[in-house]
Amino acid sequence: MKRIHIQTKINGEDIDFLCEARQSLLEVLREELGFTGTKEGCNDGNCGACTVTLDGVLVDSCLVLAVETEGKSIGTIEGLASPDSLHPLQQKFLEHAALQCGICTPGFLVAAKALLDCNPDPSEHEVRHWLAGNLCRCTGYDKIVRAVMDAATVVRQSA
Amino acid sequence: MKDFEYTTPKTLDEAIGLLSESGKRGRVMAGGTDLLVQLRGGRFALDRVIDGKAIAELNELSYSAETGLRIGAAVPCYRIYGDEAITEAYPGLIDAAAIIGGIQIQGRATLGGNVCNSSPSGDTIPALIVLEAVCEIAGPNGRREVAVEDFCTAPGSNVLEDGEILIGFHMPAPKARSGAHYQRFIPRYEMDIAVVGVGAALQLSEDGEHFESARIALAAVAPTPLYLAEAGSLLAGRPVSDESIEEAAKAAQAMARPITDMRGTKEFRIHLTGVLTRRVLSGAVDRARGKFVPNAVQEAAG
């Protein structure tokens with residue numbers, strides 16, 4: 001059917017694309033634009049693997065139509081690291097072995113980054129509550145929670 | 001999922017026109033967290049999706065201690081619990097808005113969508129009912145209002161006629177010495193559908209020792225969310241005591257008519273109705289007396 005022209009900002013860069021109305025933001029990010037860091041898990045809003053920010057708000061990109069992003073800013077996992085170093089969250093995920101298969105990891109990182117942006121000193125309970133919409137079938141979550149708490153310390157120190 | 005036309009009307013009249021002309025093949029979308037899942041799952045096919053988020057009235061969120069609260073149908077949950085004045089004034093509503101899905105879902109999901117989806121287990125519906133929320137509806141024949149307790153008619157069905165759109169809700173300002181609370185049972189901490197949900201709102205007498213009035217509503221124990229007028233009104237004039245609360249809980253259990261399904265048996269749901277009714281009434285009494293009872297976000301923050 002008809003392809004619609006959409007203008008957005010992705011990780012701060014102006015990007016426009018053509019999409020069908022039925023296409024999710026997840027599908028367009030991965031299959032049209034090559035932002036394959038965002039993962040598809042359940043494709044129905046349960047697992048959080050496709051988490052991105054939309055105008056700063058965390059969303060499951062599988063439950064956003066790409067056409068809805070006209071004029072909006074999207075943040076994906078590709079925007080997390082700086083050109084010369086990993087983000088503290090990424091570094092701490094490595095150090096704490098907070099991943100095995102890695103499919104859930106980009107979603108956890110994007111969600112955890114949003115948490116630290118609004119609350120740089122979260123309690124363990126707050127971390128677990130915030131990350132409830134992200135599922136991991138490998139780690140049992142404890143390592144992820146420890147990595148986020150540890151990364152929060154680094155972020156606070158560098159603030 | 002087949003392709004459809006995506007429209008972003010800026011006015012209600014434009015939206016009503018688009019919806020009327022597409023009949024059953026058109027739907028209004030707010031957060032899309034139910035609609036897109038159902039569309040992808042093949043529950044229905046659409047020729048047109050009408051995005052309501054560009055319509056100003058659907059995005060309004062306003063509160064005043066004199067006139068109460070107005071929530072546009074397209075306002076996502078995070079905006080509601082992110083508003084300090086609203087969180088302070090309507091803790092019983094925030095109890096429900098803060099437990100819909102996880103943080104990503106709350107960034108999109110709306111109370112308007114929760115009510116229009118008309119699931120028997122919709123968490124915000126009992127919370128809205130006990131707070132005397134009223135649905136504002138606009139359609140080809142003008143505007144009308146329907147109390148939230150009269151909105152849902154069957155699982156997935158409601159009173160909206162062809163071409164009609166839910167604009168939002170309004171509810172009165174909280175009365176003096178009033179409190180409300182919503183709780184649900186799920187077998188995990190987050191991200192699940194209520195096995196049973198119970199909301200209560202009440203006002204205490206001036207001495208704080210008697211119920212002036214009370215409203216109780218249930219989720220997931222009938223084909224629609226249930227408003228239990230009798231269970232609430234039997235508390236009027238009664239002393240605030242375990243006995244009074246127990247009597248209301250028994251009345252709520254008698255009015256629940258659940259089914260057995262994958263989430264719980266009929267017997268378990270009736271048991272839960274009693275437990276949760278006692279808990280939400282006690283929590284609402286505490287709040288009416290000025291005691292802090294945390295919602296899910298506040299509880300996580302310790």
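Ala98(B) sits in the loop between helix H5 (91–97) and H6 of chain B. Helices (H or I, at least four residues) and strands (E, at least two) are DSSP runs, numbered from the N terminus.

Is Ala98(B) buried or exposed? I noted it as buried, because 24 other C-beta atoms lie within 10 Å. The cut-offs are 20 or more other C-beta atoms within 10 Å of a residue's own for buried, 12 or fewer for exposed, and partly exposed in between, with C-beta atoms placed from the backbone. I also checked Glu66(B): it is 32 residues from Ala98(B) in sequence, and 25 Å away in space, C-alpha to C-alpha.

**How to read my notes.** The model is predicted, so I kept to the rule that local features need pLDDT of at least 70 and side-chain atom pairs count only at pLDDT 80 or more, while totals for chains, interfaces and linings use all residues. Residues are numbered from 1 along each chain as its sequence is written, and chains are lettered from A and ligands numbered from 1 in the order in which they are written.

**The five-stranded sheet of chain B.** Next I followed an open, antiparallel sheet of five strands, in the order E4-E5-E10-E6-E7 (chain B). Two strands pair if DSSP finds at least two bridges between them. At the edges I found strand E4 (61–64) and strand E7 (142–147) of chain B, each pairing on one side only. Direction ignored, neighbouring strands of this sheet are turned by 20° against each other on average.

Inside the sheet, strand E6 (residues 134–139) and strand E10 (residues 165–171) of chain B run antiparallel and are joined by five bridges. Glu136(B) has Gly168(B) in E10(B) as its bridge partner. Helix H1 (residues 12–22) of chain B lies across E6 and E10 of chain B, at about 135° to E10(B). Axes are lines fitted to C-alpha atoms, for helices over the stretch in contact, and angles run from 0 to 180 degrees between N-to-C directions.

**The four-stranded sheet of chain B.** I then traced an open, antiparallel sheet in the order E11-E12-E13-E14 (chain B). Strand E11 (178–185) and strand E14 (226–227) of chain B each have a single partner strand, so one side of each has no neighbour in the sheet. Eight bridges pair E11(B) with strand E12 (residues 196–204) of chain B. There, His181(B) has Ala200(B) in E12(B) as its bridge partner.

**Where the chains meet.** How many residues does each chain bring to the contact? I counted 26 residues from chain B and 25 residues from chain A. On chain B's side, H6(B) gives the largest share, three residues.

**Chain A.** Last, I listed five helices and five strands in chain A, following the pattern β-β-α-β-β-β-α-α-α-α. Of the 159 residues of chain A, 50% count as buried. The C-alpha atoms fill a box of roughly 50 × 30 × 25 Å along the principal axes.

Technical notes: Contact = placed C-beta atoms within 7 Å.
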